[in-house]
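Hello,

I am passing on the structure we talked about. Please have a look at it first, and then read my notes below.

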Amino acid sequence: MGDNTLRFVRDGYLFGTRGFRAAGADSFRTRLLGRPVLVMRGAEAARFFYEGGRFRREGAMPRSVLTLLQDEGSLQSLEGRAHRCRKELFLGLLTGASGDALAARFGQELRRRAAVAGDRVVLLDVFHDVLTRTVTTWAGVPEDVADDLRRTGVLAQMVDAAGTVGPVNWAARARRARAERLIADAVDRERAHGTAPPGSPLAVVASYVEAGGPLPPEVAAVELLNLLRPTVAVGRYLTFAALALHRHRGWRDDLAGGDEAGVHWFAQEVRRFYPFFPVIGGRATQRLTWQGEPVEAGDWVLLDLYATTHDPALWDQPNRFLPQRFDGATVDRNALIPQGGGDYSDGHRCPGEPVTIDLLEVGTRMLTRELVYDVPEQDLRISLRTFPARPRSGFIVTGLRTTGRHVAERAVA
């Protein structure tokens with residue numbers, strides 16, 4: 001079996017889809033980075049991968065990706081009871097009143113930024129800047145550290161460089177290491193002086209006790225970055241939402257008219273349709289069988305997230321943008337998996353998924369009801385060979401301004 005790493009690079013997000021088509025099945029074996037791997041797609045594959053503790057994350061991602069997106073000692077690297085306990089920490093911060101506060105602050109910050117946007121801006125950059133300001137303030141990050149994170153743009157750079165190798169990746173990893181040191185120092189200061197707002201992520205993580213003691217400052221810093229960086233990464237979804245509104249004017253008109261149910265369908269379809277992270281890896285914890293295929297303990301398995309959210313067995317006309325598909329639909333939690341499958345509490349599904357949806361809904365309401373802008377001619381193509389994907393231009397707009405009409409961040413029931 002030949003190594004297909006170069007084909008993976010060439011095909012990008014479509015690597016798995018083309019492999020499944022060639023195999024005539026929802027799984028196939030190949031070699032990547034010199035290692036044998038089983039690639040899978042579909043809701044049953046996601047259930048097999050995410051539920052039941054069958055796979056661990058350790059050793060399942062290239063270091064170039066792991067260091068930028070999660071790092072060692074983080075929630076995603078833990079298993080079993082340690083993972084469940086740490087997950088409760090994240091769920092407490094990202095859901096309920098705390099998650100609502102993050103989404104509301106985003107609306108406030110986007111409103112302020114639009115008021116001083118200037119004649120010509122790149123929306124992806126605007127969203128990254130606004131989300132950085134939003135999440136550092138919400139998290140209680142000291143102003144000197146927050147200013148550094150904003151000025152350097154390091155939170156967005158971690159995501160931008162995750163799919164690269166060589167000097168670009170190394171430079172981003174060096175900038176991340178510096179950010180970790182700054183945040184670890186902020187944790188030490190918080191433990192010494194307790195100046196962060198009560199209930200803020202910095203205060204909560206700094207005081208969190210695990211296995212009889214507080215997290216080491218460097219691990220606390222990693223986990224705080226794992227709250228900050230993914231929030232900034234939502235800027236890509238928001239940019240895709242703006243692109244979808246531009247290409248589907250009927251939906252823009254409907255949502256501008258106050259269609260609240262449609263806002264949710266639209267946010268979900270943005271997450272399903274547009275490319276985010278292509279695959280997730282795991283290593284088997286025990287000997288398993290998948291559709292008659294033996295999987296030995298330690299074997300490497302990739303679940304294709306993009307192919308699952310575009311699987312014709314799960315989605316009618318999967319390559320069309322159709323928000324109405326979510327009208328009254330009960331969606332299998334292992335079919336819509338851009339941020340993981342399984343359950344939040346005891347699996348590796350992203351605890352930030354609910355607030356991601358909230359941020360998308362806030363952004364969609366503002367883009368259709370409160371913000372005004374023009375879209376000049378530009379290259380809005382999305383290369384499926386570039387990870388993570390984005391419109392090539394970043395989505396340039398001119399004349400960005402507010403109408404002065406403030407929309408509610410959350411619909412009133």
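**The sheet and its helices**

Helix α2, residues 15–23, lies across β1, β2 and β10, and runs at about 125 degrees to β1. Please keep in mind that this is a predicted model. The strands belong to an open sheet of five, in the order β1-β2-β10-β7-β3 and with mixed pairing. Because β1 (27–32) and β3 (55–56) each have a single partner strand, they stand at the edges, with one side left without a neighbour in the sheet.

Further in, β2 (residues 35–40) pairs with β10 (residues 300–304) in the parallel sense, over four bridges. In this pair, M40 stands opposite L303 of β10. Helix α3 (residues 43–50) also packs on the sheet, where it touches β2, β3, β7 (279–284) and β10, and its direction makes about 135 degrees with that of β10.

**A buried threonine**

T132 sits in helix α7, residues 123–139. With a relative accessible area of 7%, T132 is buried. Leaving aside residues up to four places away in sequence, T132 touches L149, R150, L155 and V232.

**Two cavities**

The structure holds two cavities of 30 Å³ or more. The largest has a volume of about 60 Å³, and its lining includes Y237, R271 and R272. Helix α15 gives the largest share of that lining, three residues. By class, the lining has eight nonpolar, one polar and two charged residues.

The second largest cavity holds about 40 Å³ of space. Its lining has eight nonpolar residues, with no polar and no charged ones; among them are V141, I183 and L228.

Best wishes

Definitions and conventions. Residues numbered from 1 in each chain as written. Predicted model: local features only at pLDDT ≥ 70, side-chain atom pairs only at ≥ 80, totals over all residues. Heavy atoms only, no water. Pairing = 2+ DSSP bridges. Helix = DSSP H or I, 4+ residues; strand = E, 2+ residues; numbered from the N terminus. Contact = heavy atoms within 4.5 Å. Axes fitted to C-alpha atoms, helices over the stretch in contact; angles between N-to-C directions. Buried < 20%, exposed > 50% of the residue type's maximum accessible area, 1.4 Å probe, protein only. 1 Å grid on protein atoms, 1.4 Å probe; cavity = no way out; pocket = protein on both sides within 12 Å on 5 of 7 lines; lining within 4 Å. Points joined across faces, edges and corners; volume = space filled by probe spheres on them. Nonpolar A, V, L, I, M, F, W, Y, C, P; charged D, E, K, R; others polar.
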